[in-house]
Amino acid sequence: MKLIYYSPVSHGGIADYAHEQANALVDLGADVTLLTTPHYPTGRGEKYKILPTLQELKPNTPINNTILKVSRYTIITIANIKTLVQVIRQQQIRHVLFGSYSEYIAPLWTGPLRRLAHQGVVFGAVVHDPVRDFVLGPLWWHRWSIASGYSFLREAFVHEAIELDTVRSMSQLRTTVIPHGPYRFPESSLSREEIRSRLNLPIEAKVMLAFGHLRPNKNLDLVIRAMAEVSDVYLVIAGEESSSSRPLARGYQELAKELGVGDRIRWQIRFIPDGEVADFFMATDLILLTYSRNFRSASGVLNTAVQCHKLCLASGGEGCLTSVIHRHNLGIWVEPDNSKAIALGLSQWLSGSATSSANWNTYIKENSWESNAHLTLKALEH
């Protein structure tokens, strides 16, 4: 199968997912070309071809004006879809997989894709966030965008069994559950002690890690409040601020200072390159996945923690994260959006009463990228 993998997001978990899934698809015989931006990271053992002709959705500097931000997103999205359409026609592509998918402003860009679908092109999409609580613009526009976003797809791939809210009936749309494989990053060249020394962490301290983009739904303010009640823990916050949310790091730093826990927090507010990811997981003991109740998706950070055999403290809504945490005993589950619950979870972890029977190897076996690719190809081919 000759396949275009459309992925305009060049950094973070989406780009890591694209790399792992595309490699696995090639291993099963697919001829994959990743259509992405010039900023997409390379040198990671890519078995697929890369066509870096898309424009970057994320601006180089944050845009505070909402109208300008939406206008820029709209112009670039339409331009990227135009590029995709040109590649499909020039290379006579019959299969396209969206590795990064959003239905926002879909009425403005889905028309050419629907026409290609009517001509026999099969479109699939990995729907990382199947439940969206964020409403962009008036409700009528939001619902029209959702319906348009699914209108050209034949295959939707999700990580947990769910009935997608497509607004209108989509008789052509099939939904397939695929596993989210574990992420693999280069091993650290440093020892745990050396990394802790660089982060100014006590060698014997119990250290938590909040990794990845800073977003409000990760509840780091509640973690900081919980630290005021649990004195024996340190925290490393490693990741850049999401351009789609208000600046958060300064507010967290002010809160930590106000509560008297700032000296136990290490701030690494920046993009973390692949070569440094293993350092942070090696240096820490507990991975924080303290999502809010409206988070019902899979977690890329969990799939890094599993590979590193690190216990998690997790919360969130009903969905993929809660089911895999409980099924494989991957950590301590606490009530979402509650600092007291987080503090109790930390105390449980520190006391050693948390489960020590985490089934990391079983999880990795059951959620392989090979299985992901096999199910994806099977759906696209039939």
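A disulfide is a pair of cysteine sulfur atoms within 2.5 Å. With that in mind, how many disulfides does a search of the whole structure find? The search finds 0. The sulfur of C320 has its closest cysteine sulfur in C312, but the two are 13 Å apart, too far for a bond. For C312, the closest cysteine sulfur is in C308, 10 Å away, and again too far for a bond.

This is a predicted model, in which local features need pLDDT of at least 70 and side-chain atom pairs count only at pLDDT 80 or more, while totals for chains, interfaces and linings use all residues. Residues are numbered from 1 along each chain as its sequence is written, and side-chain values use heavy atoms, with hydrogens and water left out.

Are C312 and C320 buried or exposed? Buried means under 20% relative accessible area, exposed over 50%, and partly exposed in between (1.4 Å probe, protein chains only). C312 is buried at 0%, and C320 is buried at 9%.

## A pocket to explore

Let's turn to the second largest pocket, which holds about 230 Å³ of space. Its lining has 14 residues, and F185, E187, A278, Q307 and C308 lie nearest the centre. A pocket here is an open set of points on a 1 Å grid over the protein atoms alone, where a 1.4 Å probe fits, with protein on both sides within 12 Å along at least five of seven lines; lining residues have an atom within 4 Å of a point. The volume is the space filled by probe spheres set on the points, which are joined across faces, edges and corners.

Helix α8 (residues 274–283) gives the largest share of this lining, 4 residues. Helices (H or I, at least four residues) and strands (E, at least two) are DSSP runs, numbered from the N terminus.

## Around S292

You can find S292 in the loop between β11 (286–290) and α9 (300–305). S292 counts as buried because its relative accessibility is 8%. Leaving aside residues up to four places away in sequence, S292 touches N217, N219, G316, G317, P336 and D337, where contact means heavy atoms within 4.5 Å.

## Two positive phi angles

Q92 is not a glycine, yet has a positive phi of about 55°. Q92 sits in the loop between α2 (66–91) and β4 (95–98) and is exposed, at 67% relative accessible area.

H309, also a residue other than glycine, has a positive phi near 55°. H309 belongs to the loop between α9 and β12 (311–315) and counts as partly exposed at 35% relative accessibility.
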